[in-house]
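This report describes a ligand site and a helix pair. The sequence and structure are shown first.

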Amino acid sequence: MIANNPLDTLRTVFGYRTFRPFQEEIVTRLIGGGDAFVLMPTGGGKSLCYQIPAIHRPGVGIVVSPLISLMKDQVDTLRENGVAAAAYNSAMGEREARQVLARLHAGELDLLYVAPERLMTDAFLERLREIPVALFAIDEAHCVSQWGHDFRPEYVGLGRLRGLFPGVPVIALTATADVQTRSDIIDRLGLRDAQVYVTGFDRPNIRYTVVDKQKPFHQLLAFLGNRPQDAGIVYALSRKRVEEVAGKLRDAGIEAAAYHAGLADGERGRVQEAFLRDDVRVVVATVAFGMGIDKPNVRFVVHYDLPKNIESYYQETGRAGRDGLPAEALLLFGYGDIAVSRSLIESGNNPEQVRIELHKLNAMVGFAEAGTCRREALLGYFGERLAEPCGNCDLCLDPPESFDATEDARKALSCVYRVGQRFGMGHVIDVLRGSKNERIQQLGHDRLSTYGIGADRSAEAWGSIIRQLIHRGYLEQDLANYSVLKLTPAARPLLRGEVSLTLAKPRVKVAPVKKEPKRKGVVASLAERDEDLFQALRALRKRLADEQQVPPY
Ligand code: ADP
Ligand code: MG
């Protein structure tokens, strides 16, 4: 195909007026023969980044894609736009395959989509050596890494391409890669010289909020009561919890439906339909819900339990506010959830996988415990930088209250030291609070000088303090070794009383929306009732706080 410049191609072939951020830079980079690594969310427009250069460079652009259905969609769209594209995979008959190969050798193709196991055969690579190749594009490149969520062994062989075809640019593209996965992909594909482009993960209309999980159902009710008109999704980790929460919501007069993989297909379809048609206001679901949900006016996503990693959290919260209007992402963050997820992960039998998943869980906890702009933490995880704090997350809108934690920190650190830096958070907290469990007695830890010195605080409060000490670098958690807590060198001046420390108080309350509910129906009055509930809860906490001399948060 004859083409003048990339912008002309964008307009005349694809019918779009302007490039999206980075598309033009990436296209120019490839046309110039350079390698690229592109991290862009789903729907961001990754395909054009290699399709346009393939049209502009002499020879055929080879696109590696893991799914035959994806290949077919792409090829069909390209053909509609008049681009000479074809697929070569195991789904096609022998005759069709021969035709594709004939067109390949005749130099008739601009783009050829190939499954990795087809591409990396000696016979096929030999063919490619005989013809000009415009570029290699490796789509869904996270499949090459065990750190990604969809590792495919047949992707590993692609690492040879860079060496086998010097002078042919390689571009790897993915929507999901944290910093680790990213460097792993670059390593495995031999893309040391690739220019890295990270773009477009921010969803500015979503407000991220994290509250400490105390009475989760009441917290959820308060949140829903504040938004009586809005539709949204509540994610919970287990089917049992999904059923339970959905049932209790219905009892409270809220149109809620449960969705999880244990339901019959028909039932799942009905829930999905009802949600899309606005017949059901709230879907309480496991992670099974969402694939292919394209409802533009999802106003909120609540995480009733802690997601397993930031990728899932990002994907799930990303279902809110597709219409660009303000939307909310609320995470109920409970200390117990960390332990549950951790033990689930640790019960896995692939040590490498366990290590990776623990690392990811830890990053998720880090996000939940961020002390400054939530969006900065979230985007930072994907390697994207914000120019300034977002002004639209709980931490920006309502910076955390802090308290002088010097004494508490010393107690916690010396307790870690006294138990020999050989125990995890749960045990350290038990010792601090003077818990009478059997294990403590067997170990003789009830005779330690730090036994019971923290009885004035709840386990949750200690959990929050210790996790903040980890994030601030006073403690480290040995993930490869039962998450044992150890002191870092930074802990010494604190222990010796040379410095003081301020930490954030945990958050419990769900902030109400600013706007007045328009209609004061059943749900609005329920919201009022729930405000009463909240007042009662707060009063109770305050009483407990007075009794236990804990600061009331
Ligand atoms: P990804 O692979 O990143 O998920 P796609 O390449 O499939 O995204 O593109 C998503 C959608 O955005 C497609 O419908 C595509 O045609 C459209 N698109 C891509 N680039 C542009 C652009 N510059 N202007 C308008 N629409 C675009
Ligand atoms: Mg794509």
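## Ligand 1 and its surroundings

An N or O atom in the side chain of Tyr16 is 2.3 Å from an oxygen atom of ligand 1. The backbone also takes part: an N or O atom of Gly43 lies 2.6 Å from a ligand 1 oxygen, and one of Gly45 lies 3.1 Å from a ligand 1 oxygen. The protein buries 70% of the 560 Å² that ligand 1 exposes when taken alone (Shrake-Rupley areas, 1.4 Å probe).

Around ligand 1 there are 13 residues, of which Tyr16, Thr18, Gly43, Lys46 and Ser47 come nearest (a heavy atom within 4 Å). This shell comprises four nonpolar, seven polar and two charged residues; Tyr counts as nonpolar, Lys as charged and Gly as polar.

## Helices H16 and H17

Helix H16 (residues 351-368) and helix H17 (residues 374-381) have axes that come within 9 Å and cross at roughly 160°. H16 is therefore roughly antiparallel to H17 (an angle over 145 degrees).

Lys360, Ala363, Phe367 and Ala368 of H16 meet Arg374, Ala377, Leu378 and Tyr381 of H17 (heavy atoms within 4.5 Å). Six nonpolar, no polar and two charged residues form this contact.

## Basis of the values

The model is predicted: local features need pLDDT of at least 70, and side-chain atom pairs count only at pLDDT 80 or more. Residues are numbered from 1 along each chain as its sequence is written, and side-chain values use heavy atoms, without hydrogens and water.

Terms used. Chains are lettered from A and ligands numbered from 1 in the order in which they are written. Axes are lines fitted to C-alpha atoms, for helices over the stretch in contact, and angles run from 0 to 180 degrees between N-to-C directions. Helices (H or I, at least four residues) and strands (E, at least two) are DSSP runs, numbered from the N terminus. Angles under 35 degrees count as roughly parallel, over 145 as roughly antiparallel, 65 to 115 as roughly perpendicular and the rest as oblique. A polar contact is a pair of N or O atoms within 3.5 Å; within protein, one must be able to donate a hydrogen and the other to accept it, and residues adjacent in sequence count only if both atoms are side-chain atoms.
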